[in-house]
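Subject: Structure for your review

Dear colleague,

Please find below the structure that I am handing over to you. My notes on what was found in it follow directly after.

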Amino acid sequence: MSALLAAVGSTRAMLACFVALGAALVLPVAHGTWSVPLALGAVALNLASAIAVHPRLRRGGLGVFHASLLAFLLAVTCGQLARYEGEIEIVEGGAFEVEAVTTTRAGALHEWGIERDAFFQGPWTVDYEPGVKRAHTRSGVLVAQDDGSLRPQVVGDDTPLAVAGYRFYTTHNKGFAAIVTWLPELGEAATGALHFPSYPMFDWRQEARFDVPGHGEARLFLQLDAPLDERARWTLDPSATPAALVVHVEGKREVLRPGDATPLPGGRLRFDRLTGWMGYRVFRDPALPWLFALAAIAVAGLAWHVWHRAAIALPLTAAATEGGGA
Amino acid sequence: MMPALEQASLWLAVMALAAGGSIAMLAFASAGGAPHPMHVDRAVARLLGVALALLTAGIAVRWQRIGHGPFLSMYEVLASSLWSLGLVFAFACRRFPGLWRTSAFVLPVLVLMGAWMLASSPADTHAPATYETPVLWFHVVLGKLFLGCAFVAVGIAGVLLARRSPRARARLAALPGDGVLDALMWRFMLAALVFESAMLVAGAVWAQDAWGRWWAWDPLEIWALLTWLLLAGAVHARLAWRVAPRTGALLVVAVFAVAFFTFFGIPFVSIAPHKGAV
C-alpha cells in the first residue's frame, strides 16, 4: 500500500500529471470535456499522496503551500458543482426575474437562491472614446433590502452587483428599448418594452418586431435624430437620446415620436418613450471566497519557504579559489 | 513635440543598451583567457543605468500624454518590460556584484527586445475601463518581477553553459563555482515561482471583477498555467534528482523561453479578449 502511495505521490508521477494536463490544454487531439478535469484530478491525487508520503511536505511553508494547493483543487471541484453562469437583459424600470435569465452553464448542485425583484434596473450610461471604444459604464440599480426599502447602487466596469451570492456584471451587450402601449379596439391596453439589437454594435440594424394580436406582425425601426459619429467622444444615454420609431405594417410607413400613436389592424400602437436595456452576465460560485483565501495562503506559504531558503548565505567566492568552478 | 521626445528617449535607451551589451560581449569574447577587468563591469553598469533613466523618461512622457500606463500594445509592453527586466537585473547585480559578469548573456536579450520595440507601432492606445483598478498593478508588477527573476537566472544559466568551453571557464573564473551559481540560479527561479503564483492569483481576482470569471482558459491563461507547471516541474525535478548544473541551466532557459512566449507571443497572436473586453 505504502509502495503504491509512494509511486502515486512521486516526482515522476507529478511530472506525468503535469505533462498530461499540459497536453490536455494545448493539444487539440487531447482536448475534450473531461481531459482537463481528469488531469487536474490526477494532479490532486498525486499531491495528496505526496503529502501523505513525504513528511517534509507537511511542515513549515512548504506544508502550508502544498496543503492549501490541495484544498484549492478540492474547492474548485465543489465550486464547479454549485456554479452558475447566465445572461439577462433588463430594461430600465424593469425588475430582475429568474425566468428571464438564459443559462449558459449550471453545476449539478446549483439551485436558485435569489428572489424575483431582487433588484430593479435604473438609468445607465456608457462613455465612448473616439473610434467607438467603450470606456466607463455606469449602470444604476435599486437593490431590494430586507426591510422592503430599495438601496441605490451604481455598477459597471470593475464593480459588479452582488446579490444573494450572485454577481451581475455589465457587458458590452446593451441597447435601446422602446416602451410601447397596445390600445386594442376591444379590451385593455397593454404596455411593454421592445428591445432593439445591441448598440452601437448593431447600429445599422436597429429593428424590432411587434406581434399585432391576430393580425401578423409589424416591423419597427429606430431612427436616431443624430447618427453615430465614430470620430467623436460621446456618451450613450438611451433615455436622453432623441429618436423616432418607424412602423412598417401592411405596406404603410408611420413615423412616431414619443407620445404618438398609429392605427394598426385591431387597435392602435402608441410609442410612449425611448429607454434602454442593459445586458448582464450572471455568475455564482459559492467557493469564490475560499478559492481566494486558499490561493493567497498557498502563495504566502511558498513565499515563507523561499524566504527561509534565501536566508542561508551562499559562499559567493571566485571559482578560481574553488578549483576552477567544478 | 511630446511624441518626438518620447521616441528619442526610447531610441537612445536602446542605443545605450546596445553599447553596454557590445562592451560586455566584446570583453567576454576577447582573446586572452583571463577575467576581464572591473572597469568593464562599471562601464556596463553605467550604460544600463543610462538606459533605465532614458526608458523611465520615455515611458513617463508617453504615460502623461496618453493618460495610461504601458500595458496594451506590443510597443508599450516591450518598453515597460525592458525597464523592469533591466531594473531587476541591476538590483540583482547590486546584491550580488559578480552577476555583472552575466551581462554578456542578458544584455543581448534586452537589445533584441529593444530593437523589436523600435520596430513595433508606437500608435496611441486606448485603455479599457476595466484597467482602472489597483488589482491591475499587483498583477502587472508581480508579472514583471516573475520575468525579472527568471531573466537573472537565465544570465547565470548562460555562465554555466558557457563554462563548457575552457576559455570561457577561464574568463568567468571571477564568478563562484558551478555549484554555488547553480544554487543562486535556483533561488531566483524559486522567487520567480512565488511571483508567478501571486501574479496568477492577482490576475484571477482582476478577471473576476472585470469580466465575471476568475479563470476561463483563454490562451494567455493556458500559457501562464503551462509556464507555472514547467517552472514547478523544473524545481521539483532539480530537488528530486539533483540535476547537474548544466542540465539545470537548460531547464531554466526552457522555462524562460516559455515565459517569454507567454508574455510577448500569446497576447499578440491570440484574438481572445484577455486585454479587456471592448
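Helices here are DSSP runs of H or I with at least four residues, numbered from the N terminus. In that numbering, W217(B) sits in the loop between α7 and α8 of chain B. Please note that this is a predicted model.

W217(B) is not a glycine, yet its phi is positive, at about 55 degrees. Most residues other than glycine have a negative phi. With a relative accessible area of 35%, W217(B) is partly exposed.

The interface

The contact involves 54 residues from chain A and 53 residues from chain B. Together the two chains bury about 4200 Å², of which 69% is on carbon and sulfur atoms. On the side of chain B, the residues that lose the most area to chain A are H126(B), R187(B) and W214(B), which together make up 16% of what that side buries.

One salt bridge is found across the interface of chain B and chain A. D209(B) forms a salt bridge with R167(A), and their closest N and O atoms are 2.8 Å apart. Helices α7 (178-211) and α8 (219-241) of chain B each supply at least two residues of the side that touches chain A. The helix α7(B) gives the most to that side, with 18 residues. By class, the side of chain B that touches chain A comprises 36 nonpolar, nine polar and eight charged residues.

Strands of chain A

Strand β12 (residues 243-249) of chain A is largely enclosed by the rest of the structure, because six of its seven residues are buried. Six bridges join β12(A) to strand β10 (residues 217-224) of chain A, and the two run antiparallel. Within this pairing, Q223(A) has A244(A) of β12(A) as its bridge partner. Five bridges join β12(A) to strand β13 (residues 252-256) of chain A, again antiparallel. Here L245(A) is bridged to L256(A) of β13(A).

The strands β12(A) and β13(A) form a hairpin with two residues between them. In the turn, E250(A) has a positive phi of about 50 degrees. E250(A) is exposed, with a relative accessible area of 62%.

A cis peptide bond

Y199(A) and P200(A) are joined by a cis peptide bond, with omega at about 5 degrees. Most peptide bonds are trans. P200(A) is located in the loop between β8 (190-198) and β9 (207-211) of chain A.

With kind regards

Methods: Residues are numbered from 1 along each chain as its sequence is written. Chains are lettered from A and ligands numbered from 1 in the order in which they are written. This is a predicted model: local features need pLDDT of at least 70, side-chain atom pairs count only at pLDDT 80 or more; totals for chains, interfaces and linings use all residues. Side-chain values use heavy atoms; hydrogens and water are left out. Contact means heavy atoms within 4.5 Å. Buried area is the accessible area (1.4 Å probe) that two parts lose on being put together, summed over both. A salt bridge is a side-chain nitrogen of Lys or Arg within 4 Å of a carboxyl oxygen of Asp or Glu. Ala, Val, Leu, Ile, Met, Phe, Trp, Tyr, Cys and Pro count as nonpolar, Asp, Glu, Lys and Arg as charged, and the others, Gly among them, as polar. Buried means under 20% relative accessible area, exposed over 50%, partly exposed in between (1.4 Å probe, protein chains only). Two strands pair if DSSP finds at least two bridges between them.
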